[in-house]
Amino acid sequence: MKYLLVQEDENGVEQLWGKCAGVEGLFVDPVPPPREVLTLRGCRPDGPLGNVLADPDGALRGLGDVCVEVWDDEHPVQWWTLVDAVVVAHQPHPTDPSLYDIVIGAGVRNEARSAALRALRGNDGR
């Protein structure tokens with residue numbers, strides 16, 4: 001038997017639940033998150049995002065994966081990954097023309113939930 005089903009109890013002791021010859025679906029790519037439309041309000045674009053907005057001829061402009069972080073005074077406390085993000089539209093922010101409102105299409109993955117799942121499973125992915 002190649003695969004063992006185990007569970008760790010509250011004392012860290014693994015208990016054998018069963019043995020299997022195979023496991024289907026274990027080694028497949030994760031399902032991408034569903035696409036959503038988000039509006040980033042009052043943005044001051046910099047770096048690659050500024051370059052994308054400066055290209056007036058680009059209809060859908062790919063950004064790849066982008067992280068959105070919520071910071072307290074010292075470090076990020078919550079974050080999401082915008083998967084395969086594309087800029088759909090942008091316009092100057094109504095109260096400050098140096099800022100932009102940017103419409104993005106992307107899959108949204110909650111990284112805090114992913115980190116919590118990794119912590120529950122342990123660093124080795126179990």
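Threonine 81 is found in strand S5; strands are DSSP runs of E, at least two residues long, numbered from the N terminus. The model is predicted, so local features need pLDDT of at least 70 and side-chain atom pairs count only at pLDDT 80 or more, while totals for chains, interfaces and linings use all residues. Residues are numbered from 1 along each chain as its sequence is written, and side-chain values use heavy atoms, with hydrogens and water left out.

Threonine 81 is buried, at a relative accessible area of 11%. Buried means under 20% relative accessible area, exposed over 50%, and partly exposed in between (1.4 Å probe, protein chains only). Residues up to four places away in sequence aside, threonine 81 touches Asp65, Val66, Cys67, Gly107, Val108, Arg109 and Glu111. Contact here means heavy atoms within 4.5 Å.

Aspartate 65 lies in strand S4. Its relative accessibility is 51%, so aspartate 65 counts as exposed. Beyond its neighbours within four places in sequence, aspartate 65 is in contact with Thr81, Leu82, Val83 and Asp84. Aspartate 65 and valine 83 are 18 residues apart along the chain, yet 4.6 Å separates their C-alpha atoms. Valine 83 in turn stands opposite glycine 107 in S6.

Four strands form an open sheet in the order S3-S6-S5-S4, with antiparallel pairing. Strand S3 (35-43) and strand S4 (61-71) stand at the edges; each has a single partner strand, so one side of each is left without a neighbour in the sheet. From one strand to the next, the twist averages 45 degrees. Axes are lines fitted to C-alpha atoms, and angles run from 0 to 180 degrees between N-to-C directions. Strand S5 (residues 76-93) and strand S6 (residues 96-110) pair in the antiparallel sense over 11 bridges. Two strands pair if DSSP finds at least two bridges between them.

A search of the whole structure finds one salt bridge, defined as a side-chain nitrogen of Lys or Arg within 4 Å of a carboxyl oxygen of Asp or Glu. The side chains of arginine 41 and aspartate 101 meet in it, at 3.4 Å from N to O. Arginine 41 lies in strand S3 and aspartate 101 in strand S6, so the pair ties together parts that are 60 residues apart in sequence. Arginine 41 is exposed, at 58% relative accessibility. Aspartate 101 is buried, at 5%.
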